[in-house]
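Me: I would like to go through this model feature by feature. Please give the general idea where there is one, and then the case at hand.

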Amino acid sequence: MNEQKYNAIIADDHAIVRAGLKDALEKPGLIEPDGIRVVAEAGDGLSAIAEVRRHRPALLLLDVSMPMAGGVEVLVEARRWSKDTRVVVLTGISAVGLVSDLVEAGVDGLFSKASDNTEFYEKLPGILRGQRHISEYFLQILQETPKPPVLTDRERQTLNMILAGRSNKEIAEGFGISIKTVDKHRTSLMQKLKVHSVPQLIARALKEGLIDPSREL
């Protein structure tokens, strides 16, 4: 009796990476006996979500640093539209905040682009059949690095507005709150992240994975 042939979507903003992954997935015998058919590719987060809605694939191979929608957001939306799709993240980012978010969001597989492909090829068949695998590289990061401070929704919104160059007055007008309240959120951010200036805030937020490094700052 023949085994099921799986299909996949590859989401990465680098065409050369998508091409390499496509060749690996579709090559008979490398991961699956008959290969894994790639039904669509996406170069940004919104396109990835749209392709998942359209094809409802067995597998979504996802980079987390893409334009228009971040990896965790794409993962959550993919699950919303296709609950049986196995989501596997391949990333070069190792910020503990991002890694924690992906694990807590229930990613099925998490692998580093900096690592050898052997682990990815060996574990993917099991992931397709319901297993879960977090690379030892990321498990060590989670064990050895303290978790970043927890920000409230308003603090995250304030952080994004600060990074966009908005003044306290502009932030207050955008949120419909007082300048004094904005200053309170800003002070809380600085204290939680242990920084004293906006450049330090940007650097710490990037390090902890609190913002997408692909965004224009």
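**Reading the model**

Reply: Start with glutamate 32: its relative accessibility is 3%, so this residue counts as buried. Keep in mind throughout that the model is predicted.

Me: With which residue does the side chain of glutamate 32 meet in a salt bridge?

Reply: The partner is arginine 129, at 2.8 Å from N to O. Arginine 129 is partly exposed, with a relative accessible area of 39%.

Me: How many salt bridges does the structure hold?

Reply: There are 11 salt bridges. An α-helix has 3.6 residues a turn, so residues three or four places apart point the same way. In helix α1 (residues 15-26), glutamate 26 and lysine 22 are 4 residues apart, about one turn of the helix. Their side chains meet in a salt bridge of 3.0 Å, N to O. Glutamate 26 counts as partly exposed at 28% relative accessibility, and lysine 22 counts as partly exposed at 26%.

Me: In helix α2, how far apart are glutamate 51 and arginine 54?

Reply: The two residues are 3 residues apart in helix α2 (residues 45-55), about one turn of the helix. Glutamate 51 has a relative accessible area of 17% and is buried, whereas arginine 54 has 56% and is exposed.

Me: Which residues are linked in a network of salt bridges?

Reply: Asp12, Asp63 and Lys113 are linked in this way.

Me: Next, the sheet. How many strands form it, and in which order?

Reply: In general, strands of a sheet pair through backbone hydrogen bonds, either parallel or antiparallel. Here 6 strands form an open sheet with parallel pairing, in the order β2-β1-β3-β4-β5-β6. β2 (37-42) and β6 (133-134) are at the edges with a single partner strand each, so one side of each is left without a neighbour in the sheet.

Me: Which part of the sheet does helix α6 touch?

Reply: Helix α6 (residues 136-144) packs on the sheet and touches β4 (86-91), β5 (109-112) and β6. The direction of α6 makes about 95° with that of β5.

Me: How many bridges join β1 and β3?

Reply: Strand β1 (residues 7-11) pairs with strand β3 (residues 59-62) in the parallel sense over 4 bridges. Alanine 8 has leucine 59 in β3 as its bridge partner. β4 and β5 also pair in the parallel sense, over 4 bridges, and valine 88 stands opposite glycine 109 in β5.

Me: Which way do the residues of β5 point, and are they buried or exposed?

Reply: Gly109 and Phe111 point one way from β5, while Leu110 and Ser112 point the other way; all are buried.

Me: What buried residues does helix α4 have, for comparison?

Reply: In helix α4 (residues 96-104) the buried residues are Val96, Gly97, Leu98, Val99, Ser100 and Leu102. Glycine 106 follows α4 and has a positive phi, near 90°.

Me: How many aromatic pairs are there in the whole structure?

Reply: The search finds 3 aromatic pairs. In one of them, phenylalanine 120 and tyrosine 121 have ring centres 5.8 Å apart and planes at 50°, so the pair is tilted. Phenylalanine 120 counts as buried at 4% relative accessibility, and tyrosine 121 counts as partly exposed at 22%. Tyrosine 137 and phenylalanine 138 form an edge-to-face pair, 5.1 Å centre to centre with 80° between the planes. Tyrosine 137 is partly exposed, with a relative accessible area of 35%, whereas phenylalanine 138 counts as buried at 0%.

Me: Which residues do ring pairs link into a cluster?

Reply: The cluster consists of Phe111, Phe120 and Tyr121.

Me: Over which rings do arginine 53 and arginine 154 lie?

Reply: The charged end of arginine 53 sits over the ring of tryptophan 81, 3.8 Å from its centre. Arginine 154 lies over the face of phenylalanine 175, at 4.5 Å from the ring centre.

Notes: Residues are numbered from 1 along each chain as its sequence is written. This is a predicted model: local features need pLDDT of at least 70, side-chain atom pairs count only at pLDDT 80 or more; totals for chains, interfaces and linings use all residues. Side-chain values use heavy atoms; hydrogens and water are left out. Two strands pair if DSSP finds at least two bridges between them. Contact means heavy atoms within 4.5 Å. Axes are lines fitted to C-alpha atoms, for helices over the stretch in contact, and angles run from 0 to 180 degrees between N-to-C directions. Rings of Phe, Tyr and Trp (its six-membered ring) pair if their centres lie within 6.5 Å; planes under 30 degrees apart count as stacked, over 60 as edge-to-face and the rest as tilted. Buried means under 20% relative accessible area, exposed over 50%, partly exposed in between (1.4 Å probe, protein chains only). A charge sits over a ring if NZ of Lys or CZ of Arg is within 6 Å of the ring centre and within 35 degrees of the ring normal. A salt bridge is a side-chain nitrogen of Lys or Arg within 4 Å of a carboxyl oxygen of Asp or Glu.
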